[in-house]
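Please look over the sequence and the model before turning to the points below.

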Amino acid sequence: MIFHFVVFLWSVIFYLALQIILRFGEGVTWGWYIWSMLLLSVVTFLAMKRLTGRLKDFFLPLLLAVTTPTLLSFIDSKVEQQIFVVLVSLMVYSAFIGAYRLKQAPKDQTAVALMHTAALSGLFLFYASIYGFYLNFNFPLWALMVLFFGGTSLVSYVTLIGGGSRSEKKSHIKLYSVLLGLTLSELAWVISFWPFGYLTTASISLIFYYIAWDIIWHALDDSLRLKETLIRMGLFLALIGVLLYSTPWRIVV
């Protein structure tokens, strides 16, 4: 079952909060960024307190809450803004229902899949918003790398722990999460020299992340197979090639 009325209600509240942000978003300022993130963060905190009462479940919806205003500020079309708001609200619903179901049954595979969907969506928004900030404002490279490290490490831990079903491997998961964070922070340094926009950069970062995450996930389950891993890596690298070929290059002279 992927519908729960209370979860749906909190997702609607999140959607209405986004509409309020759009209503008062004329002339984006630092103050607008701050109160927008605070409003969405409060909504997600109250929602998770009501749904699970566990602080660890707060991180994934919080990631969506703090990155959404930044990306909203990059979208000029009113129609595209509304489409984006609906999509983000669906992602938040996925995070809410996944966390709620995992509290009831830590080994619920449907709930795990919902959480993974929300995590990957949140990471894409996170990478896009942070890198967009880096491109458009006087944002230091070291801060970009630190944020990539922190966000990646926390998302990795939340997803790899599997809703608590892998608690006996917690020390390994912490190590793998830190390694993934370090990998993406180094990638952030590399991509700072690439002539691409924030959406392309976020897509490439997410693909690299998923390749590494997928290998670790199967290794933790003792189901890692060389042939299957090489096939998946080949497919994802081909996808990166298509992305690089089709995207416009932002040449800086």
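Does Ser36 count as buried or exposed? At 0% relative accessibility, Ser36 counts as buried, where buried means under 20% relative accessible area, exposed means over 50%, and partly exposed lies in between (1.4 Å probe, protein chains only). The model is predicted, so local features need pLDDT of at least 70, side-chain atom pairs count only at pLDDT 80 or more, and totals for chains, interfaces and linings use all residues. Residues are numbered from 1 along each chain as its sequence is written, and side-chain values use heavy atoms, with hydrogens and water left out.

**Overall architecture**

- The chain contains nine helices and zero strands; helices (H or I, at least four residues) and strands (E, at least two) are DSSP runs, numbered from the N terminus.
- The radius of gyration of the chain is 18 Å, close to the 18 Å that the globule rule gives for 253 residues, so the chain is as compact as a globular protein of that length. This radius is taken over C-alpha atoms, and the rule is 2.2 Å times the number of residues to the power 0.38.
- Along its principal axes, the C-alpha trace spans about 50 × 50 × 30 Å.
- Among contacts between residues at least 6 apart in sequence, 74% join residues at least 24 apart; contact means heavy atoms within 4.5 Å.

**Surface and charge**

- Of the 253 residues of the chain, 47% count as buried.
- The chain exposes about 12,900 Å², and carbon and sulfur atoms supply 72% of that area. Accessible areas come from the Shrake-Rupley method with a 1.4 Å probe; for residues, only the protein chains shown count as cover.
- The chain has 17 positive and 11 negative charges, whose mean positions are 8 Å apart. Lys and Arg count as positive and Asp and Glu as negative, while His and the chain ends are not counted. Each charge is placed at NZ of Lys, CZ of Arg, CG of Asp or CD of Glu.

**The salt bridge**

- The structure holds one salt bridge, defined as a side-chain nitrogen of Lys or Arg within 4 Å of a carboxyl oxygen of Asp or Glu.
- Its partners are the side chains of Asp57 and Arg54 (2.8 Å, N to O).
- Asp57 is buried, with a relative accessible area of 8%, whereas Arg54 is partly exposed at 24%.

**Buried residues in helices**

The contacts named for individual residues, here and below, do not count residues up to four places away in sequence.

- Ser36 lies in helix H2 (residues 30-51) and touches Ile21 and Pro69.
- Thr68 belongs to helix H3 (residues 59-73) and is buried, with a relative accessible area of 0%. Thr68 touches Leu18, Leu40, Phe84, Val88 and Leu125.
- Thr201 is found in helix H8 (residues 198-220) and is buried at a relative accessible area of 2%. Thr201 touches Tyr131, Ile191 and Phe196.
- Thr201 and Leu243 are 42 residues apart in sequence and 9.9 Å apart in space, C-alpha to C-alpha.

**A partly exposed lysine**

- Lys170 lies in helix H7 (residues 170-191) and counts as partly exposed, at 35% relative accessibility.
- Lys170 touches Tyr157 and Ile161.
- Lys170 and Leu160 are 10 residues apart in sequence, and their C-alpha atoms are 9.1 Å apart in space.
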